[in-house]
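I set down what I looked up, entry by entry.

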Amino acid sequence: MLADKGMKLPKATKTGTTIVGCLYKDGLVLGADTRATSGPIVADKNCEKIHYLAPNMYCCGAGTAADTEFTTNLIASKLELHTLSTGREARVATAMTMLKQMLFRYQGHIGAALVLGGVDVTGPHLYTIYPHGSTDKLPFSMSVFESKWKNDMTRDEAVELVKDAIEAGIFNDLGSGSNVDVCVITKGNVEYLRNYRKPNERAPKTQSYKFARGTSEYCPQQLLPHDFRKFVDVIEGDAMDIS
C-alpha cells in the first residue's frame, strides 16, 4: 500500500566485510567476520581476513579478496627485508606508510580497505587505511565502539567489545556472516583466536537424507564407442574442408 503511494521500501543492507580494531590497556584487539562473497553468492564461509604483516603487527582487510591478500603479502615481505636490513623490529608507522604509498600510487584501483594494528617500541598503534591511500589514527574503529569503548579496558572487555561489533555486522549486513575471528596483540606476543565465536552454527539434521541403493535406475551396460548409433541418428555429410 505504501509502495503504491510512492514510498520507497527499505532495502537489505549489504556493505560487505566487517573489520574492526580497538586499543586497550596493554595492547590492541583486531576482529573480522569470515564470509567471502562473489556478488549474491557466498563464495567462502570461513575465510581469513586478518593478515600477517610482521611478528608484532597484523592487518584486517576488506574489499577485493585478492587485492587485500596480495597487498598484505607484498608489504609483509618488504617489512621482513626492512627488519633484516636495520636489525630492528619494524614500527607500525613504517607499515602504514608503505601501505598508504602503495595504495595511493594506484589511485584506488586496488580494492583494499585495511585496519592495521600492532605494538612496537613506542606502544600499541591502530590505523585505518583507505583504498585511495588516506589514513586515520584512532583508538577504535566506528559503529558499536562509539557507545561502548572506554579508556584502559581490560583484555577480556576489549575482546568482548570486538566480538559484539563483528556480530552486529554478521546479523545486520548480508555482506558479512559466518564466524568471528579475533587477534590480540601485546608487547612480544600475538594471540590469533580463529573462529572465536560461531554464532551461525547449523543445527543437526532431524532426519537422514541418504537414499537406499537402487533408488535411481541406471544403465549397467558399458557402451562401446560404436554402440551410440543405437540411440542417435547419424546423418552422413560432406567432409569438412580443412585445407
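This is a predicted model: local features need pLDDT of at least 70, side-chain atom pairs count only at pLDDT 80 or more; totals for chains, interfaces and linings use all residues.

Entry one: strand β5. I looked up strand β5, which covers residues 50-54. I found four of its five residues buried, and I therefore record the strand as mostly covered, given the cut-off of under 20%.

Entry two: the partner of β5. I then turned to strand β6, residues 57-63, and found that β5 and β6 pair in the antiparallel sense. I noted four bridges between them.

Is His-51 buried or exposed? I read a relative accessibility of 13%, so His-51 counts as buried. Across the pairing, I found Cys-59 of β6 opposite His-51. I set aside neighbours within four places in sequence and listed the contacts of His-51: Tyr-58, Cys-59, Gly-61, Thr-68, Glu-69 and Thr-72.

I looked up the second largest pocket and recorded a volume of about 310 Å³. Its lining has 20 residues, and those closest to its centre are Ala-36, Cys-47, Lys-49, Gly-63 and Ala-65. I noted that β3 (36-38), β4 (41-44), β6 and α1 (65-86) each give two or more residues to this lining. By residue class, I recorded five nonpolar, nine polar and six charged residues in the lining of the second largest pocket.

Note on methods
Residues are numbered from 1 along each chain as its sequence is written. Side-chain values use heavy atoms; hydrogens and water are left out. Buried means under 20% relative accessible area, exposed over 50%, partly exposed in between (1.4 Å probe, protein chains only). Two strands pair if DSSP finds at least two bridges between them. Contact means heavy atoms within 4.5 Å. On a 1 Å grid over the protein atoms alone, a cavity is a set of points where a 1.4 Å probe fits but cannot get out, and a pocket is an open set with protein on both sides within 12 Å along at least five of seven lines; lining residues have an atom within 4 Å of a point. Grid points are joined across faces, edges and corners, and a volume is the space filled by probe spheres set on the points. Ala, Val, Leu, Ile, Met, Phe, Trp, Tyr, Cys and Pro count as nonpolar, Asp, Glu, Lys and Arg as charged, and the others, Gly among them, as polar.
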